Amino acid sequence: MSTASLSSISVLLSCLLATSVTKANDHTLTIGLIGDSTVATTYGWGPAFGKEIRETVNVLNYAKNGATLASLSKQLEKLLAAKPDYVLIQFGHNDMKNYDTQAYGKKLADYIERIIRSGSKPIVLSSVTRRNFDEQGRIKPAVINGRTLPEFALSAKAVAKESNVPFVDLNTISIAHHNKIGPEASAAYNFKETDKTHFSKKGATAISALLISELKAVVPELASYFE
């Protein structure tokens with residue numbers, strides 16, 4: 001084969017590679033969020049999360065106030081119809097009021113299976129903590145119907161492990177964060193003075209930063225998409 005022919009082939013391969021890379025870069029990454037009010041656009045961490053990700057990434061927030069895994073099942077179908085690349089799942093606050101960790105685990109496993117079947121990649125999050133403190137200035141998980149969020153966090157971890165999907169332990173991470181900064185600083189995260197569940201803009205930004213930091217480690221292929 002002549003030198004000229006080899007040169008032409010080399011140029012052609014370079015063009016094909018460049019075209020392939022361009023097409024890959026042209027893909028708009030879509031991340032779906034589904035969960036309760038601590039994620040939703042009203043006073044959750046979802047909007048702050050969207051601001052910290054690159055403009056080339058589309059964030060779809062399907063979280064709803066008062067939602068449980070059971071109540072948002074149809075909402076999940078709507079989200080999956082949009083063909084997101086990843087779906088972040090965070091439930092627990094309202095689930096613990098309605099059913100135990102065993103039922104929660106089964107419903108979470110069903111979400112994961114449906115997301116995978118649709119072609120998207122699920123990422124399980126345990127619920128961000130409520131900001132209740134004991135006399136020593138340490139987070140004291142609220143007990144509702146004999147249940148606590150850390151128990152649901154353990155269930156979420158177990159289901160994620162069993163399903164072999166990424167898990168971000170936002171409950172443990174957020175508890176450690178609030179124990180570090182203390183009750184006074186944590187009060188600035190409250191949506192209203194007595195609201196120790198939902199977030200002010202400062203609170204949402206702080207929780208989003210915690211999530212993103214952990215997400216970069218747990219799902220490293222997403223790291224380059226954050227500012």
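In E2, Leu60 is the bridge partner of Gly32. The structure is a predicted model, in which local features need pLDDT of at least 70 and side-chain atom pairs count only at pLDDT 80 or more, while totals for chains, interfaces and linings use all residues. Residues are numbered from 1 along each chain as its sequence is written, and side-chain values use heavy atoms, with hydrogens and water left out.

**Exercise 1.** Determine how E1 is placed among the strands of its sheet.

*Solution.* Begin with the terms: strands (E, at least two residues) and helices (H or I, at least four) are DSSP runs numbered from the N terminus, and two strands pair if DSSP finds at least two bridges between them. E1 pairs with strand E2 (residues 58-61) in the parallel sense over four bridges. Between these two strands the chain passes through helix H2 (residues 46-51), and this β-α-β crossover is right-handed, meaning that, with the strands pointing away from the viewer, the path from the first strand over the helix to the second runs clockwise. Next, five bridges join E1 to strand E3 (residues 86-90), again in parallel, with Ile31 opposite Tyr86. The open sheet of five strands therefore reads E2-E1-E3-E4-E5, and E2 and strand E5 (167-168) stand at its edges, each with a single partner strand, so one side of each lacks a neighbour in the sheet.

**Exercise 2.** Decide whether the residues of E1 are buried or exposed.

*Solution.* Buried means under 20% relative accessible area and exposed over 50%, with partly exposed in between (1.4 Å probe, protein chains only). In a regular strand the side chains alternate between the two faces of the sheet. Thr30, Gly32 and Ile34 on one side are buried, as are Ile31, Leu33 and Gly35 on the other. Six of the six residues of E1 (residues 30-35) are buried, so the strand is largely enclosed by the rest of the structure.

**Exercise 3.** Identify which residues have the most contacts inside the largest nonpolar core.

*Solution.* Such a core is a set of buried Ala, Val, Leu, Ile, Met, Phe, Trp, Tyr and Cys residues joined through side-chain atoms within 4.5 Å. The largest has 28 residues, and those with the most contacts inside it are Ile31, Trp45, Phe49, Leu88, Ile123, Leu215 and Leu222.
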